[in-house]
Amino acid sequence: MPNRSFFWFFFPAGLAMILFIGLPIISTGIQSFYAQHDQILIEVKKCDPFGCKTSVVVDQEATSKIKEEKPLGKFNGFGTYIDRNHLASDQVSEFWSESKSLGEFIGKVGNLPFYKALLFTLTYCVIVTPCVLLLGFIIALSLNAISRKIRGPLIFGTILPMIVTPLVGSLVLFWMIDAEGIIGANLQILMDDPYLSVKSSKALTWITIIIYGVWHHSPFAFVVFYAALQTVPQEPLEASIIDGASRFQRVKHIVLPHIYPVVTFVALISLMDNFRVFEPIIGFSAEGSAQSLSWLIYDNLVNEEVILFGSAAATSIMTIVGISIILTPVLLRTWKEFRTNR
Amino acid sequence: MKKILVTLLFLLFGTVANADCNIKSGSINILANDFPALRTLVETAKECKGSADFKVTHSAEHNKIAVPALTANPSEFSVRVAANSSIVPLMNADLIRPMNDLVKKYGKGIQESQLITIDGKVMAVAFMANTQHLYVRTDVLKENGIAIPKTYEEVVAAAEKIRAAGKMKYPYAAAYKAGWNLAEEFVNMYIGHGGEFFKDGGAQPNINNAKGVATLNMLKKLADLSNPDYLTHDSEAIKVEWESGNVAIMTLWASRSGTLLDDEGDAKITAATKLVAPATVGGGNIPAATLWWDGFTLAKNRSDADAEASFRAMAHAASSKDMVAKAADQAVWLVEGFVPGPKSVGVIEAVKMGAKPYPMLPQMGLMHGALGSEIVEFLQGNESAEQALKDVEAAYITKAKEQGFL
């Protein structure tokens with residue numbers, strides 16, 4: 001395609017991306033450098049059905065004047081990024097100097113909200129992504145080998161987890177692991193511990209969310225792999241059969257190299273998706289035991305009666321940075337291959 | 001204090017004061033939480049809509065919608081039904097209008113005690129009171145020879161006895177869902193211990209002390225007697241536990257009693273359910289509970305005509321003797337003419353015992369938020385009480401600095 005026609009072809013999509021993704025990200029970035037103005041509080045008499053007392057309120061007249069002058073707020077630089085609820089540079093260095101062992105240091109840092117969320121997000125990413133790739137590939141191979149007559153319904157059944165709304169999917173599992181649900185109650189009997197609760201144990205909650213993640217994301221990998229498998233040429237496969245290659249050898253030396261670009265693609269998308277894990281935490285009401293970066297943003301924006309725009313913006317920007325770092329190796333590799341192919 | 005006692009306990013004979021329902025123009029759009037009493041109130045307001053547009057959104061997520069929806073100009077809603085805590089973010093951001101003139105002009109039936117005034121300006125009109133108090137199963141208590149508990153220490157002892165007798169595995173329940181609900185339980189228990197959240201009227205936190213530790217330890221004791229999934233249980237979830245007969249003692253909102261005691265569910269359990277006073281704790285004499293009011297506020301970013309129409313419709317409901325007579329079961333109405341029934345016991349007892357209202361402070365929401373997420377690890381047994389309280393204060397200070405309170 002000539003560059004000119006490519007430009008016009010890409011133009012509408014590009015414009016929409018700039019308008020609806022690019023500009024909001026820039027605005028989020030700017031917001032993250034600002035904090036609210038100092039609150040001007042005045043003492044007034046407050047009366048309600050339970051009586052009167054003197055207490056403070058925000059002085060609206062004074063505040064609105066300042067807000068008119070500087071609507072964005074008070075410039076805070078990287079102040080929000082390094083405060084305790086984000087990178088916590090002061091706390092981390094303090095912990096470093098007062099901790100006696102590395103374990104103690106890691107324990108203390110892991111107690112800070114941002115690192116707590118980062119730890120869960122990375123654990124989720126690192127475990128779920130390979131499992132999804134592997135499971136998706138195995139399912140695709142097995143379905144590809146099955147008689148065509150029953151393949152249709154089986155494929156439908158396999159992609160069901162992806163069709164089910166994430167929140168509904170997690171709620172179903174949530175009720176099953178309830179202390180009185182089918183899985184929760186049986187686990188109690190199995191472990192002989194009437195006070196065992198999947199929902200209140202941190203480790204079990206993590207495992208549940210990870211299993212849910214694999215269950216929910218595998219169909220996507222399966223669909224893409226299955227489509228790719230249809231393009232594997234038959235001749236080399238037949239040739240290898242004549243040469244006496246086992247099934248495993250055929251998959252390893254012919255199928256995998258052929259669909260390799262697709263594997264990279266699925267890995268990229270999965271990594272990105274998994275880094276932004278959010279719905280299962282809400283669905284499982286797991287806020288107590290598992291928090292992700294996306295959940296932190298949500299928490300700052302809606303869970304409190306006071307909305308923390310600066311905090312949410314800083315976490316958003318750091319999530320974007322995090323995704324870029326995670327994707328770098330994969331992207332570099334793709335780029336190299338692209339260059340050598342030319 | 002006396003004011004509300006008078007309101008609640010005595011039937012006041014007064015002139016019948018129906019709001020003038022001759023609304024000709026304007027549009028009314030209401031945002032409210034979702035429980036039966038509020039639905040009744042809104043329905044009553046609707047009777048009075050005249051030729052005005054009338055829309056309503058009942059949502060359990062009302063807190064998340066309110067500030068953004070009222071910030072828009074013109075705002076999505078003309079009326080926001082708020083409570084002590086949820087009015088604060090609206091006032092912090094200057095989103096609601098004073099209604100002194102409207103009260104003077106159209107508020108004939110509204111009692112003086114219903115007005116929420118800040119520095120003389122009427123910012124809200126309250127219509128019902130609420131609190132969290134104890135619910136007990138009289139049959140289970142009787143069987144085990146237990147008197148109705150008056151303190152949380154007695155609640156723990158009673159629940160342990162019921163468990164030891166093999167009656168129930170998890171005899172106690174309260175809404176301990178991580179986040180807002182859990183923080184609310186802390187607020188109640190801390191106030192019951194006589195704690196103050198901030199240092200001498202300022203915004204510096206003041207919870208990392210002996211009272212804070214005692215509060216956490218009591219919450220932990222109660223949590224150990226609850227369903228192990230307590231960190232995921234909100235008011236609705238524990239109501240279901242109660243209706244399934246799994247619980248003998250529970251701390252729940254007074255406003256939930258309506259649906260708890262309705263005809264649905266096991267009649268035996270309903271018959272044995274008794275609403276009693278909120279418990280005290282740690283030898284204190286004020287209950288470990290907070291008093292709440294629910295009232296309506298008017299959005300600032302709406303035309304005067306809309307505000308007037310909205311006020312007249314809402315004032316009609318907030319002074320309707322007819323409504324409080326018909327829906328006497330649904331809430332503890334602050335409206336003239338309300339006769340308290342057996343379901344009002346919790347709130348009336350709380351007021352008699354001198355319960356404190358939930359602190360209506362600009363920075364309280366940040367403290368509430370920090371509590372909801374930082375004390376979870378203590379309850380899970382992964383952290384000491386002192387460390388948890390230290391974390392709460394640190395998280396609060398960071399947020400308060402970003403918001404400009406410190």
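The model is predicted. Where chain A touches chain B, the contact draws on 48 residues from chain A and 51 residues from chain B, and chain B itself is divided into two parts, named domain 1 and domain 2.

**The side of chain A that touches chain B**

- At least two residues each come from the strands β2 (41–48) and β3 (51–58) of chain A, and likewise from its helices α2 (60–69), α14 (293–303) and α15 (309–341).
- Among these elements, β2(A) gives the most to this side of chain A, with 6 residues.
- Sorted by class, this side of chain A has 18 nonpolar, 17 polar and 13 charged residues.

**Strand pairing between the chains**

- The strand β2(A) is joined by 2 bridges to strand β4 of chain B, residues 115–118, and the two strands run antiparallel.
- Within this pairing, A:K46 stands opposite B:I118, which belongs to β4(B).

**The two domains of chain B**

- Domain 1 of chain B covers 2–130 + 291–340, while domain 2 covers 132–288 + 357–402.
- The centres of these two domains, taken over C-alpha atoms, are separated by 29 Å.
- The contact between them takes 15 residues from domain 1 of chain B and 11 residues from domain 2 of chain B.
- On the domain 1 side of this contact, α2 (36–46), α4 (87–92) and β10 (290–298) of chain B each supply at least two residues, and α4(B) gives the most, with 3 residues.
- By class, that side of domain 1 has 9 nonpolar, 5 polar and 1 charged residues.

How values were computed: Residues are numbered from 1 along each chain as its sequence is written. Chains are lettered from A and ligands numbered from 1 in the order in which they are written. This is a predicted model: local features need pLDDT of at least 70, side-chain atom pairs count only at pLDDT 80 or more; totals for chains, interfaces and linings use all residues. Two residues are in contact if their C-beta atoms, placed from the backbone, lie within 7 Å. Helices (H or I, at least four residues) and strands (E, at least two) are DSSP runs, numbered from the N terminus. Ala, Val, Leu, Ile, Met, Phe, Trp, Tyr, Cys and Pro count as nonpolar, Asp, Glu, Lys and Arg as charged, and the others, Gly among them, as polar. Two strands pair if DSSP finds at least two bridges between them. Domain bounds come from an automatic or database domain assignment.
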